[in-house]
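Here is a short briefing to read alongside the sequence and the coordinates. It goes topic by topic.

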Amino acid sequence: MRIKPDFWQGADRICWLCVLMEEFIGTNSLDYAPVAMSGMASILNAPKLKQARQAIFNMRQMSLTYVTEQSVKHAVALYNDHHYCNKTKGTYEIDAQTLRFKRTDPLEDPLIAKARKILNAPMSYQLHTATVADPRQPMVVSLGQETTAVRVPINPITTPLADRRTHSLNRQPKGKIRIPLKELRDLAIEMDERESKNPERRSGSWASRFEHFDLMIPSIGKGLRKEDDTLELEGIKHLIGLPGAGKTTLLVLTAIWLGRNGYKAMFLFPSIEVARQYMAQLAFHKVKVGMLVGQSDETRRRHADNIAEAIAAGGGHGGFAHSLEGAEVFSLNCVLPAFSNADTSMWGFGYAPCEEILQGGGKKGQMKKCLCPLWTMCGRNKAPRDLIDADIWVGHVRSLDTQVPPHAIRENLRYFELIARTFDVVVFDEADMVQSVLDAYGAATLSISGSDTSIHREILEQIHNRFARGENHRLSDRDVELYSRYLAEFGNHNTSLMTAIQNMPSSRVGERYENQLLTVLRIVSDLLDGFEKYSKRDRLDDLEVKLGFSKSRALTEVWESAAYRAFYNRTGIEETDWAKADLCAQILETNRNVLEPQWQNLIKHFRRYLAEDSIKQRDKIVEEIAELFLPLCFPDRQFPTEANDVITLLVSVTFMILGYQRIVPGTRTMVAEGLIREPIVESTATPDLRKIIPENILGSFSGVKYSFKKAQTTRTTARNVELSYITFVGAPRMLMHRFYKLLEADGEQSKPAILMTSATSFLEASPAYHINAGPHYLLKPRQSENDPKRSVYRFKWIPDRERGDEPLRYSGAGELQERNLKRMVDALVRGGTTKSEIFKSIRNFDVKDGIHRKAALIVNSYEQARTIKKFLNDYHPEVGRRTKAVVRSLKDGEQPTDLHNCPVRGTWR
């Protein structure tokens with residue numbers, strides 16, 4: 001986290017954006033500010049914007065607010081309102097409609113000159129201000145945040161403690177790395193010798209494994225060339241090798257070579273369990289290795305539970321007297337209670353006040369928060385402490401976004417930035433899976449309404465209830481008054497959407513969209529497809545798909561632009577032109593003179609809807625909206641039967657999204673001022689990471705999801721609705737692709753090399769897993785383990801008897817996915833243990849000495865494993881009794897005879 005300037009804060013922060021656009025980009029308009037602030041390489045690396053690179057980087061460090069046109073316009077409106085209400089003038093005059101600006105004082109403003117200087121140079125890191133508590137003096141721990149929380153005194157600690165050690169930001173990456181393959185071969189022989197002296201340890205046979213493959217380099221037009229000399233790491237390199245080709249062997253040898261030759265390297269794996277296994281292997285071979293693991297309470301508990309389950313499952317006797325190498329880095333508990341003579345029964349398991357030790361010494365003798373002096377010794381913090389001296393780090397990619405503990409560094413930053421500044425190489429194993437994990441890390445989920453943690457409830461309790469019970473002095477601030485009114489309307493739109501869902505007469509629409517991400521584009525596209533079970537796009541050629549997609553986009557633009565204008569300009573006094581009118585008219589095969597009046601009528605209908613209180617009149621207005629919009633969607637064919645229900649849902653979803661987006665900037669301000677608590681958002685990229693990675697190329701993509709749950713009432717059919725808001729924040733996948741030049745825009749010249757390894761990630765047709773880099777190396781086995789001519793592959797498709805014998809499929813089946821999955825299983829097991837396809841294969845395939853193989857049904861999740869097991873128990877009990885589902889953990893009521901507990905994520909499914 002960087003030190004932010006102490007001027008132009010709050011509503012005046014938009015002045016920083018004006019300085020960026022005027023002084024560094026050379027324009028007096030904020031029109032293109034969202035593009036400039038996107039963080040995309042095409043902007044940062046543009047030759048004409050070279051002088052603006054540092055300024056853009058610094059602006060993103062100060063604020064991520066201005067990445068959409070709407071957020072810029074909202075900031076301008078707040079700026080103008082702020083100075084109007086306070087009867088003051090800001091540094092700039094900004095036109096809210098055109099977004100053009102000019103200096104209030106045409107002479108040189110000292111604040112502008114100061115801002116220009118700040119934006120033009122790298123910004124310093126914030127430093128941690130907390131000091132380590134004096135262990136020789138009494139300390140106190142508060143068991144909660146409340147002022148009335150129980151306080152536990154800690155006696156002076158006389159036990160000798162290790163000195164504090166910290167990371168250094170001064171280390172520089174060494175540049176290009178050349179790893180001689182001969183040295184790796186010699187290293188493999190040495191490892192075999194060491195392991196032979198420890199017969200209790202399973203032999204790795206490293207030398208023979210190293211001779212099992214060749215390192216090949218692809219050359220355009222020349223095919224593959226065998227590399228016998230060195231493995232070079234510089235910039236970004238992608239190594240591909242099929243399972244069994246030797247990637248694990250090469251990675252272990254490379255890690256040991258790097259550790260012995262003074263390099264610092266980060267190895268990232270698909271799971272923490274895999275990282276633990278690598279750590280154990282490297283530690284045995286005398287490498288200084290440490291594990292980077294998330295430090296939140298939830299993450300610690302999850303990892304501890306997983307390692308405990310692995311010990312219990314693998315050691316016999318339920319894990320009694322058994323452990324696993326590396327298990328000690330997952331310690332949970334705090335040792336401070338051992339140094340107290342007071343009652344510590346209220347001290348919860350896992351609670352650790354590492355940064356909240358209270359000790360006297362503050363102003364006027366007050367207690368101040370200090371760092372725990374036992375951090376240098378305690379088991380709970382062994383993992384982050386070992387990293388300080390380790391040459392080789394292992395971990396999971398999401399652990400990169402973890403705060404470096406203040407005990408271990410003076411600067412306030414996260415591990416990904418420490419690694420990008422000081423490490424020599426970063427290895428992403430199974431890069432396709434890493435990319436998929438990072439994509440999911442960009443999806444933030446916020447409960448909007450219908451749950452205990454919803455923002456709707458927080459608003460009522462922290463804002464409206466506070467004002468209602470008399471604590472309304474903050475309403476003297478007109479910005480707070482405006483925010484309160486916005487919140488009230490946001491709550492109304494929540495209620496309208498839940499009412500629409502509850503009263504959806506067509507269950508087909510209501511059920512179809514349950515637990516689905518709803519956007520205007522998604523709903524309009526489904527409407528055009530006629531709500532068929534399968535999308536029509538699957539039966540069209542590329543040109544027809546493109547045309548249909550363009551029509552969906554055009555209709556979405558008509559709807560969203562009209563709703564936006566109606567929502568933000570209720571009176572219609574200041575009308576603006578529709579910039580995309582000609583484009584939409586062309587795509588919809590009509591004339592602008594015809595389409596634009598319809599668009600303007602749509603705006604009027606939306607304004608009437610927003611202003612109307614009568615339920616009957618609002619329903620009538622929605623019908624009029626449908627009568628206007630549906631002919632644009634279907635000019636030459638009949639509307640689907642669900643069309644009117646869809647429009648009802650579409651209207652509610654649209655204004656719920658707009659209502660939420662409008663309160664976001666104000667919510668950030670209120671959180672910063674302490675008026676409300678931070679909304680509870682499911683785990684996603686932290687603001688620090690988002691400031692480094694670019695915005696999503698699709699823009700600020702977001703939508704609504706609703707789900708049903710049974711209501712606690714005597715009405716048996718009653719259901720409650722929960723609303724969630726899902727937004728895709730930034731493009732976290734670019735962390736991996738950009739890591740070798742992550743801080744280049746911040747003036748950082750030295751950078752780590754990147755090595756990505758994978759088996760199947762060069763697949764252009766699969767954007768979620770395709771790695772668009774290289775490949776630069778290929779591992780090719782010298783000899784197959786088995787004769788490939790003896791292997792026969794048969795791919796069997798199963799006909800769907802209810803749908804004209806078309807092949808059953810899971811991918812792309814939409815709402816039919818679970819139904820199709822069960823039918824596939826049914827086709828395989830129909831006939832029981834005597835005549836079914838699956839048991840005939842078991843009886844006839846590769847039977848040796850009367851011992852038959854088993855069959856595995858591989859699915860996408862543990863929940864699907866449960867679904868299949870239940871389906872077999874219910875409809876094919878003879879097969880169900882012989883089937884065991886592999887799950888991560890057993891739920892209440894589940895029996896170990898039915899399900900196998902596999903705590904290692906991603907091992908079996």
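Over the face of which ring does Arg-2 lie, and at what distance from the ring centre? The ring is that of Tyr-125, and the distance is 4.4 Å. The model is predicted. Its protein chain has a mean pLDDT of 85, and 91% of the residues reach 70 or more.

**Confidence**

- Strand E15 (residues 425-428) has the highest confidence, at a mean of 96. Strand E24 (residues 899-901) has the lowest, at 60.
- Residues 533-541 have a pLDDT below 50, and this stretch makes 23 contacts in the model beyond near neighbours in sequence.
- Residues 903-909 also fall below 50. Beyond near neighbours in sequence, that stretch has 21 contacts.
- Where pLDDT is low, predicted coordinates should not be read in detail.

**Nonpolar cores**

- The largest nonpolar core holds 83 residues. Leu-17, Leu-30, Leu-400, Phe-428 and Phe-739 have the most contacts inside it.
- Helix H1 (residues 14-25) supplies the largest share of this core, with nine residues.
- Leu-30 touches several residues beyond four places away in sequence, among them Ile-14, Leu-17, Cys-18 and Met-21. Its contacts also include Val-72, Val-76, Ile-94, Leu-99 and Phe-101.
- A second, separate core has 75 residues, including Ile-448, Leu-487, Leu-610 and Phe-629.

**Aromatic rings and charges**

- The whole structure contains 24 aromatic pairs.
- Trp-257 and Tyr-263 form a stacked pair, because their planes meet at 20°, under the 30 degree cut-off. The ring centres are 5.7 Å apart.
- Both partners are buried: Trp-257 has a relative accessible area of 7%, and Tyr-263 has 13%.
- Phe-634 and Phe-639 make a tilted pair, 5.9 Å centre to centre with 45° between the planes.
- In that pair, Phe-634 is buried at 3% relative accessibility, whereas Phe-639 is partly exposed at 32%.
- One aromatic cluster is made up of Trp-559, Tyr-564, Phe-567, Tyr-568, Phe-606, Tyr-609, Phe-629 and Phe-655. Phe-629 also belongs to the second core.
- Arg-201 lies over the face of Phe-284, 4.0 Å from the ring centre.

**Val-141 and its surroundings**

- Val-141 sits in strand E3 (residues 139-142). Its relative accessibility is 0%, so Val-141 counts as buried.
- Twelve residues separate Val-141 from Pro-153 in sequence, yet the two C-alpha atoms are 6.4 Å apart.
- Leaving aside residues up to four places away in sequence, Val-141 touches Val-150, Arg-151, Val-152 and Ile-154, among others. Further contacts of Val-141 include Leu-336, Trp-347, Tyr-351, Pro-353 and Ile-357.

**Helix H26**

- Helix H26 (residues 817-829) has 13 residues. From first C-alpha to last, H26 reaches 19 Å, close to the 18 Å expected at 1.5 Å a residue.
- Its buried residues are Asn-820, Leu-821, Val-825, Asp-826, Ala-827 and Val-829.
- An α-helix has 3.6 residues a turn, so residues three or four places apart point the same way.

How values were computed
Residues numbered from 1 in each chain as written. Predicted model: local features only at pLDDT ≥ 70, side-chain atom pairs only at ≥ 80, totals over all residues. Heavy atoms only, no water. Helix = DSSP H or I, 4+ residues; strand = E, 2+ residues; numbered from the N terminus. Expected span 1.5 Å × (residues − 1). Buried < 20%, exposed > 50% of the residue type's maximum accessible area, 1.4 Å probe, protein only. Contact = heavy atoms within 4.5 Å. Phe/Tyr/Trp six-rings, centres within 6.5 Å; stacked < 30°, edge-to-face > 60°. Lys NZ or Arg CZ within 6 Å of the ring centre and 35° of its normal. Core = buried A, V, L, I, M, F, W, Y, C linked by side-chain atoms within 4.5 Å. pLDDT = per-residue confidence, 0-100.
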